[in-house]
Amino acid sequence: MLHHLVYGDETALPTLFIGHGLFGSARNWNVIAKRLSDSRRVVVIDQRNHGESAHTATHSYPEMAADLAEVITEFGGKGDVVGHSMGGKAAMVMALQYPALVNRLLVADIAPVTYTHTQMDVLNAARATDLNVDSRSALNIPIDDKAVAAFLAQSVDVKAQKWLLNLDTLAVEMDKIIGFPQTEGTFTGPTLFLSGANSDYVTPAHRPAIKELFSDAKFAKLPDAGHWLHAEKPREFEATVRYFMD
């Protein structure tokens, strides 16, 4: 089963499951998960090939959906689900394939479509990084965006001098990661597509595809936020999760 972190105790509210995006980890959600755990149990998952979860030779959304379904089943068999970016796609596929496991679904800044961008520049920067350092702050990740470099640094085990990301598999499977699989079924439960107002990952042109798969989909935007809306506007993101889930 995927490695996961548990915050808070079981309450009358459904357990909340959170899936991170590409190059992330459960630890990235530590602050938001702790705050949300004041009213419910929160389980944050390391996706396969990320964090402390298993490194595998493949990285497809049906596999990630099955991974997530296994964790939800372990914690009672139904819950509310939040997924950001890659984690949002995994959560969508899971809701479509295992709808009985999902009460409410919040998809953060991603749509069920194939994107034309790639993350190979970020991945190649990670591959080119010298890990023979004494601290994360000493890492020199060769990428211009310092915020992205700092984010990547969180996935380095400095003591072991290794990445907690399976860079080889993520590179091979990049087309699957930026894509979205053909999936049977629909999800009729409450669904919120929450986007950053400054992001172009979810546009009005995506709404027909979304509505075809998620008939009860609603849409909202966080002002002054981009793709990393939960990191840029954590309090506003938390408040929106509470409002929608509670």
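**L2 and its surroundings**

I looked up L2 and listed its contacts (heavy atoms within 4.5 Å). Leaving aside neighbours within four places in sequence, L2 is in contact with I45, D46, Q47, R48, S53, D67, L68 and V71. L2 lies in the segment before β1. I took helices (H or I, at least four residues) and strands (E, at least two) as DSSP runs, numbered from the N terminus. The C-alpha atoms of L2 and Q47 are separated by 6.7 Å, though the two are 45 residues apart along the chain. Is L2 buried or exposed? L2 is buried, because its relative accessible area is 8% and buried means under 20% (exposed is over 50%, partly exposed in between; 1.4 Å probe, protein chains only).

**Ground rules**

I note that this is a predicted model, so local features need pLDDT of at least 70 and side-chain atom pairs count only at pLDDT 80 or more, while totals for chains, interfaces and linings use all residues. Residues are numbered from 1 along each chain as its sequence is written, and side-chain values use heavy atoms, with hydrogens and water left out.

**The sheet**

Next I traced the strands. Two strands pair if DSSP finds at least two bridges between them. I found an open sheet of 7 strands with mixed pairing, in the order β1-β3-β2-β4-β5-β8-β9. Its edge strands, β1 (4–7) and β9 (217–222), each pair on one side only. From one strand to the next, the twist averages 20 degrees.

I then checked β2 (residues 16–19) against β3 (residues 42–45). The two run parallel and are joined by 4 bridges. L16 has V42 as its bridge partner in β3.

**Helices on the sheet**

For angles, axes are lines fitted to C-alpha atoms, for helices over the stretch in contact; angles run from 0 to 180 degrees between N-to-C directions. Helix α3 (residues 86–97) lies across β2, β4 (79–84), β5 (102–108) and β8, and runs at about 140 degrees to β4. Helix α10 (residues 234–245) also packs on the sheet, where it touches β2, β4, β5, β8 and β9. The direction of α10 makes about 155 degrees with that of β5.

**Cores**

I counted as a nonpolar core a set of buried Ala, Val, Leu, Ile, Met, Phe, Trp, Tyr and Cys residues joined through side-chain atoms within 4.5 Å. The largest has 63 residues. Which residues have the most contacts inside it? They are F23, M94, L105, I141, W163 and F214. Helix α3 gives the most to this core, with 8 residues. Another core, of 22 residues, lies apart from it and has V44, L192, L194 and V241 among its members.

I followed up M94. Not counting residues up to four places away in sequence, M94 touches A65, L68, A69, I72, V81, P99, L101 and V102.

Most residues other than glycine have a negative phi. F23 has a positive phi of about 70 degrees although it is not a glycine. I found F23 in the loop between β2 and α1 (30–36). F23 is buried, with a relative accessible area of 4%. Q161 also has a positive phi, near 55 degrees. Q161 lies in the loop between β6 (156–157) and β7 (162–163). At 38% relative accessibility, Q161 is partly exposed.

**H206**

Last, I checked H206, in the loop between β8 (191–196) and α8 (207–213). H206 is buried, at 15% relative accessible area. Beyond its neighbours within four places in sequence, H206 is in contact with A111, V113, Y115 and Y201.
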